[in-house]
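Subject: Structure handover and notes

Dear colleague,

I am passing this structure on to you, and my notes on what was found in it follow below. Please look through the sequence and the model first, and then read on.

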Amino acid sequence: DKMKKFNLLISALVFCAAALSLNSCIKDDNKTKDLTPEEISTAFNSVKGSYTGKAITRISTGVNDTVPISWDIDCDSLITIKNIPANMLSYQITNDEIKKALADMPPFDLTLKIKFVRTSPATFIINPKTPAFKINYGGKEHLLQVAFYIDNNYSYGQYYVDGKSLMMQVIGAGAYIDGEYQKGLLGQEVPFLFTGKKQ
């Protein structure tokens, strides 16, 4: 069945296939229909709690970086994932000097704005806030921002009650230096996967 196949794809870290599978699940559930306040409450009560798990991103074809992370879900509109290593954002940066400067930054917190779109399984669209880093290169300090796609069905979270497991995915879209978009600085769309179990 489709959802079982979806879970197998996640475990294999086939990011794009996983996203396409969930995207079709959302479409099947009429993603354009807003949930009622009662439905939002039901979905939130299903997922709320503390999680421990992993952050996963692609280093190169067939190679992933995986680090332990944790987060709490204590409101129905925001999640903050704590202490993500900055180097996880650096792998697809195409400028070596900027890549190294970002990799040397301390861990950062990633805040996710969420909107529930389905109650069973509890599913939400994710709009990440853009993390910003003051980095030094070329003898000067610059502001580097790595933006993620927003209002996109490929940025989502889904909770499975049976295993008390939550999977979230966001997609890096581009990079800015001192407020200016830098075409090609982020080499490709970069998927980040967060998997965790409720404690």
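Two strands are taken to pair if DSSP finds at least two bridges between them, and the helices (H or I, at least four residues) and strands (E, at least two) are themselves DSSP runs, numbered from the N terminus. This is a predicted model, in which local features need pLDDT of at least 70 and side-chain atom pairs count only at pLDDT 80 or more, while totals for chains, interfaces and linings use all residues. Residues are numbered from 1 along each chain as its sequence is written, and side-chain values use heavy atoms, with hydrogens and water left out.

Of its 199 residues, 44% are buried, where buried means under 20% relative accessible area, exposed over 50%, and partly exposed in between (1.4 Å probe, protein chains only). Counting contacts (heavy atoms within 4.5 Å) between residues at least 6 apart in sequence, 60% join residues at least 24 apart.

Turning to the strands, strand 2 (residues 63-73) and strand 3 (residues 78-84) pair in the antiparallel sense over 2 bridges, and the two form a hairpin with 4 residues between them. Within this pairing, W71 stands opposite I81 in strand 3. Strand 3 is also joined to strand 4 by 5 bridges, and these two strands run antiparallel; here T80 has T111 in strand 4 as its bridge partner.

Leaving aside its neighbours within four places in sequence, I81 is in contact with I69, S70, W71, F108, D109, L110, L112, M168 and F194. As background, nonpolar side chains in soluble globular proteins tend to be buried together.

The structure also holds 6 aromatic pairs, a term for rings of Phe, Tyr and Trp (its six-membered ring) whose centres lie within 6.5 Å, with planes under 30 degrees apart counted as stacked, over 60 as edge-to-face and the rest as tilted. The rings of Y51 and Y159 have their centres 6.3 Å apart and their planes at 90 degrees, so this pair is edge-to-face. It links distant parts of the chain, since Y51 is in strand 1 (residues 49-60) and Y159 in strand 8 (residues 156-160), 108 residues apart. Y51 counts as buried at 1% relative accessibility, and Y159 counts as buried at 3%. F108 and F133 form an edge-to-face pair as well, 5.3 Å centre to centre and with 85 degrees between the planes; this pair links F108 in strand 4 to F133 in strand 6 (residues 132-137), 25 residues apart. F108 is buried, with a relative accessible area of 9%, and F133 is buried with 4%. Ring pairs also link Y51, W71 and Y159 into a cluster.

Finally, R118 is found in strand 4 (residues 108-119), and at 17% relative accessibility R118 counts as buried. A polar atom of the R118 side chain lies 3.3 Å from the backbone oxygen of S120.

How values were computed: A polar contact is a pair of N or O atoms within 3.5 Å; within protein, one must be able to donate a hydrogen and the other to accept it, and residues adjacent in sequence count only if both atoms are side-chain atoms.
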